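Trainee: I would like to go through this model with you, one topic at a time. Could we look at it together?

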Amino acid sequence: MFALRDPQGYADTVAVPLAAAMLVTLMNGERSLGEIRQEFQRQVGRTVTLPEIEQVVGQLDELLFLDNARFAAFEAVQTEEYLALDVRPAVHAGGAYEGDPDKLRSQLGDLFTCSDGPGMHPHKTNGCAANNERNNRLCGLMSPHIDFHRGGPAFAWSYERVTTATDADLFVILGTAHSLLHGLFSISKKHFDTPLGRVTTDRAFIDHIQRSLAECNGKDRPQFNQSPFNDEMPHRHEHSIEFQVLMLQYVLGGRRDFTIVPILVGSFQPFVLHQRQPIETPAVTEFIRALRASVEACGRRVCYVAGVDLAHIGRQFGDDELLSDQRLQAQREDDAQLLEHARRGSAADWFLHVAEQNDRNRICGLAPTYTMLEAIKPKRGELLKYDQAVAEDRTSCVSFASSAFYRS
């Protein structure tokens, strides 16, 4: 069986048998059903009837996997309904994590106190004092966005620092965009619901970013090609920010007032292909400049969070071989080198390490981490936790880490 999945969340994931999957690969928008039938018989070496193909097409249409008028109408309704919402629902509650508040608190608490966690329950710490200068040196965190079942303790290592190393009350969350953006960045103005309560998005801060970008565009600089403020739909089903919002609500909800700025960062693959530092592109330069200006103007204690994972290797991600112990160790060593660049605060070296390898390890946290490092320019970083989630059949491995970054 093969899985068909819509990363934008309009269609539910479905499993199809091999023959149907082969037919799907031949549906390129140009072939007629008869031509699909002929090409299937040529490639597969077995016959298929037109009624059988029509049945598959009908089922795909019913399941919203065809790019046609029916899907366009459904997409338009879904888009209108979502854009009208003031608050983004917790779409992964009850799936990726517990939907019941009490069960969820127990699930997240276990991430801190399990053998791989930091050891201290966040609600039993004294927290940090607002007048303690040492406790305000933390300016950024790298946190995973892998599911809690595989990487949960690594989340805990990052968010333990939120309770002990900063009294920030505004968190700029930079999440990996797993679906296409119109530009490089997308900012949501929606508040976020979690099973533990509502988290407020700082719309005044976002308005300042918008004004700063408008000023940049008015100073004989190249225009910002795609507005980050008119690309709301990729946030609808994205988990890379939702998981960070949930963790913030868990460790701070009811204990410290805070707001968030949810930003999705798109692919930097064009920069990788051309071996060009992203900061050399006006769209990146101006966005980071606007972020910094807004932080300086807001008068708040700000901490950045990059919701990112690292390598994606193995057959599941397109590699040929099963993952041996040697391959996993080699990935661990390569990740260590990459994380060392981040620890030193070098966005340029972080990017160059990936670009020189043509991103062969599929580092999905490349763009958000680069953006964070350029925005905060940390004096130093600290690796808190590194791990690999390896499938039992050795067909896939996702690596991830938690790191803290400091002003001094």
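Trainee: Is Lys 377 buried, partly exposed or exposed?

Mentor: Lys 377 has a relative accessible area of 48%, so it is partly exposed. Buried means under 20% relative accessible area, exposed over 50%, and partly exposed in between (1.4 Å probe, protein chains only). This is a predicted model: local features need pLDDT of at least 70 and side-chain atom pairs count only at pLDDT 80 or more, while totals for chains, interfaces and linings use all residues. Residues are numbered from 1 along each chain as its sequence is written, and side-chain values use heavy atoms, with hydrogens and water left out.

Trainee: Where does Lys 377 lie?

Mentor: In the loop between α13 and β12 (380-390). Helices (H or I, at least four residues) and strands (E, at least two) are DSSP runs, numbered from the N terminus. Lys 377 is not a glycine, yet its phi is positive, at about 45°.

Trainee: Which side chains have polar contacts with Asp 334?

Mentor: Asp 334, in helix α11 (residues 325-343), has a polar contact of 3.2 Å with the side chain of His 353 and one of 3.3 Å with that of Asn 361. A polar contact is a pair of N or O atoms within 3.5 Å; within protein, one must be able to donate a hydrogen and the other to accept it, and residues adjacent in sequence count only if both atoms are side-chain atoms.

Trainee: How many salt bridges does the structure hold?

Mentor: There are 22 salt bridges. One of them joins the side chains of Arg 105 and Asp 102 at 3.2 Å, N to O.

Trainee: How are Arg 105 and Asp 102 placed in the helix?

Mentor: They are three residues apart in helix α5 (residues 101-113), so about one helical turn separates them. Arg 105 is partly exposed because its relative accessibility is 39%, whereas Asp 102, at 56%, counts as exposed.

Trainee: What angle do the axes of α5 and α8 make?

Mentor: The axes of α5 and helix α8 (residues 239-252) cross at roughly 90° and come within 11 Å. Axes are lines fitted to C-alpha atoms, for helices over the stretch in contact, and angles run from 0 to 180 degrees between N-to-C directions. The two helices are therefore roughly perpendicular to each other, a label for angles of 65 to 115 degrees; under 35 is roughly parallel, over 145 roughly antiparallel and the rest oblique.

Trainee: Which residues meet there?

Mentor: Among them are Leu 104, Arg 105 and Phe 112 in α5, and Leu 246 and Tyr 250 in α8.

Technical notes
Salt bridge = Lys/Arg side-chain N within 4 Å of Asp/Glu carboxyl O. Contact = heavy atoms within 4.5 Å.
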